[in-house]
Amino acid sequence: MSRPAAPKGKKVESCVFNGEKFAIDDTITLRPPNSSGPPFVGKIHEIVTEATGDEQCHVSWFYRPEEARGGRKAFHGEKELFTSDHYDWVAKSSINGHCAVHKLKEYQMLKEVTDNDYYTRFSYKASKGEFKPDRVPVYCACEMPYNPDLFMVECEACEEWYHPQCVGSTKKQVEKKAHFVCPTCDRKKQAREAKKQRIA
């Protein structure tokens, strides 16, 4: 996607708005045209001070799943964003504040997720409607990519991960167990024990 022409002015490393400093490489939230909608999220790449004293930020946009081709899927988390090749110049007055866009593994390690925490694992070419990577690992009997919003449990036998509801259980039931074995591995174990009994 082509980048819009830069405004004329002096390039600077940072700007201040409402007493908060914003610098190149910061990730920020911005006010959407519809005040009732979720904030836009972008990353600052350049800042220019115009002759009028106004300051413009060159941002690349993060897309929400529902904003990209194909829409939101079951495996997309509530706080999931896609990096993109979509750039715009925006006035610093449209900035809400700072936010953090983590890699998925970093997001999983957070002790507390705030309203300003997001994560990304896909890049989206808005100009072509293409994703990278175009394939990700799938888990569970439902063969769905990982969604950090959904509880999963690891089978101690095959080391695969499952959603409790996909194996006829619940989160509460699974958490009460000292050891979890998926139905497939449990059947294999019972078959081996039955065979041993017949041989004996």
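Predicted model: local features only at pLDDT ≥ 70, side-chain atom pairs only at ≥ 80, totals over all residues.

Cys-142 is partly exposed, at a relative accessible area of 37%. I then checked Cys-155, which is in no disulfide either, the nearest cysteine sulfur being that of Cys-158 at 3.6 Å. Cys-155 is buried, with a relative accessible area of 0%. My search of the whole structure returned zero disulfides.

**Nonpolar cores.** Which residues of the largest nonpolar core touch the most other members? I found Phe-22, Ile-28, Ile-44, Cys-57 and Val-59, in a core of 19 residues. Strands S2, S4, S5, S6 and S11 each supply at least two residues of this core, and S6 gives the most, with three. For Ile-28 I listed the contacts beyond four places in sequence; among them are Phe-22, Ile-44, Val-59 and Ile-95. I noted a second, separate core of ten residues, which includes Cys-155 along with Met-152, Tyr-162 and Cys-185.

**Tyr-146.** I located Tyr-146 in the loop between strand S14 (144–145) and strand S15 (153–154). Leaving out residues up to four places away in sequence, I found that Tyr-146 touches Met-152, as well as Phe-75, Leu-104, Gln-108, Arg-121, Pro-137 and Tyr-139. With Gln-108 there is a polar contact, side chain to side chain, at 3.3 Å. I also checked Ser-60, which is 86 residues from Tyr-146 in sequence and 26 Å from it in space, C-alpha to C-alpha.

Definitions and conventions
Residues numbered from 1 in each chain as written. Heavy atoms only, no water. Helix = DSSP H or I, 4+ residues; strand = E, 2+ residues; numbered from the N terminus. Contact = heavy atoms within 4.5 Å. Polar contact = N/O pair within 3.5 Å; in protein donor to acceptor, adjacent residues only side chain to side chain. Core = buried A, V, L, I, M, F, W, Y, C linked by side-chain atoms within 4.5 Å. Buried < 20%, exposed > 50% of the residue type's maximum accessible area, 1.4 Å probe, protein only. Disulfide = S-S within 2.5 Å.
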